[in-house]
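Here are some notes to read beside the structure.

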Amino acid sequence: MNIRFPKSLRIIALSLVAIGILALALSGVFSSFSRWVVSPITSVQTWVSRQYQGVDNFVSASQDIREIRQQNTELEAENARMQAQIVELQQQLVEFEILSALLEFARANPEHQYIGASVIGRDPSPFLNYIIINRGSDDGLRRGMPVVTQNGLAGRVVQVTATGARVSLITDPVTKINVRVEPSRSAAVLSGSIKGDITLEQIPQDDDVNPGNLILTSGLGGNYPSNIIVGQITSVRSRENALFQSASVQPVTDFSDLSIVLVIINFEPVDFNPLIPDSGTP
Amino acid sequence: MSVILSIPTLGLIAILQSAVVSRLPLNRGTADLMLVVLVAIALQKTVSTSWQWSIVGGLFMDYLSGLPFGIFTVSYLLATGLALIIRERIWRFSFLMQLLVVFFGTMFSHALSFLVLFLQGSEIMLGTVLQVVTLPSIILNFMISLPIFILTQDILEQVNPQE
């Protein structure tokens, strides 16, 4: 038999049941029951959550690694740039030190006018101790002008083009410079050699020269101005019956590491050729 | 191989020689990069313009050097002539031929330089020159010969495969 209740009665009955269940739940009657039901749900939820976090970590970590790698690449590039900058700054510092020393030399010798020049090459032949500088006749350079460094004499201009010049160093085998020894004031001739050494020749036998004595240009011969430091005597060779003594000289300029030089532009070398008589002249 | 190509190529080599190679001496000797390159070119069977390359290279070096004009050109022409004789006579030459020609090329060049400077009145002794200039130069030239020989061979194959 099918008994049908009115709809309103069903609603009231269901409401009462719901209220009753709610009242029972609030009073704690269902607590053990709910723990029994909720516990596996929590466990499953925990497991699902952990798996999700694992996946999430994996995804975010790979993204982080990509970011870290990108940052690393950028930092490496930055590091390379900084290294290059450091090298450039160190080079500038060296140049600055050289230029400061050259300026000091120019201040200490105000009787001359100077032009700074960079050494851009060396003679391709190992037989010649020549350097090539980046200043030429456009800058006022002329053949015969002396070339110095912050330490002292380096050589003289032997050939000039519009934008460059060739400088014969004092170590060149053909070099002959009139010098004097201080403090004895002995006159002598300085010669270069194929070995790159410089020696002092034609020192009068009676003159008192010793290791440590300074060598300065004497100005005789008209090829170099006087009183420019050339080097220092390291050893003296004297034979009993010889007319002259000779000596080894340590140059003040380091010719293996020349990078910037000064050209003395207000010095005119004296040309003695017109004074030399022709061979046919009586 | 085009002679026009020789002007920028050998010009660059001459600049390298003056700006870099000449600053790296062994005792008083320096490597002759131009000589080694010209010999390596002359020894390649595919090259028919070795003489012209030698003249261009020699002129560049004569321009840069303070030695009397022509010494480098004559030296390089002699070395090229020797290289071409070897190339004609020997069916299969090797890297040793490069060393042989570089040796004699360096000797030609230094003998000429010595002779001219001696006649000009330079106080240079033959024994000292051989000891402090020529022998170290030959050693340096030998050292750079192998890489330049291989590089020249590769470049020529790339640049001019049809010759």
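Predicted model: local features only at pLDDT ≥ 70, side-chain atom pairs only at ≥ 80, totals over all residues.

1. Strands S4(A) and S5(A) form it, with four residues between them.

2. S4 covers residues 153-160 of chain A, and five bridges join this strand to S5(A). The two run antiparallel. To locate the pairing, find Arg156(A), which stands opposite Ser168(A) in S5(A).

3. S5(A) is also joined to strand S2 (residues 130-133) of chain A, by four bridges. This pair is antiparallel as well. Here Ile133(A) stands opposite Ala165(A) in S5(A).

4. How many residues of S5(A) are buried? Five of the five are, in a strand that spans residues 165-169 of chain A and is mostly covered.

5. In a regular strand, side chains alternate between the two faces of the sheet. In S5(A), Ala165(A), Val167(A) and Leu169(A) point one way. Arg166(A) and Ser168(A) point the other way, and these residues too are buried.

6. Now turn to chain B, where helix H2 (residues 33-42) packs against helix H5 (residues 95-119). Their axes are 10 Å apart and the angle is about 135°. The crossing is right-handed.

7. Which residues make this contact? H2(B) supplies Leu35(B), Val36(B), Val39(B) and Ala40(B). From H5(B) come Gln98(B), Val101(B), Val102(B), Gly105(B), Thr106(B) and Ser109(B). Sorted by type, the residues of the contact between H2(B) and H5(B) are six nonpolar and four polar, with no charged ones.

Technical notes. Residues numbered from 1 in each chain as written. Chains lettered and ligands numbered in written order. Axes fitted to C-alpha atoms, helices over the stretch in contact; angles between N-to-C directions. Left-handed = near helix turned anticlockwise from the far one by under 90°. Contact = placed C-beta atoms within 7 Å. Nonpolar A, V, L, I, M, F, W, Y, C, P; charged D, E, K, R; others polar. Buried ≥ 20, exposed ≤ 12 C-beta atoms within 10 Å, placed from the backbone. Pairing = 2+ DSSP bridges.
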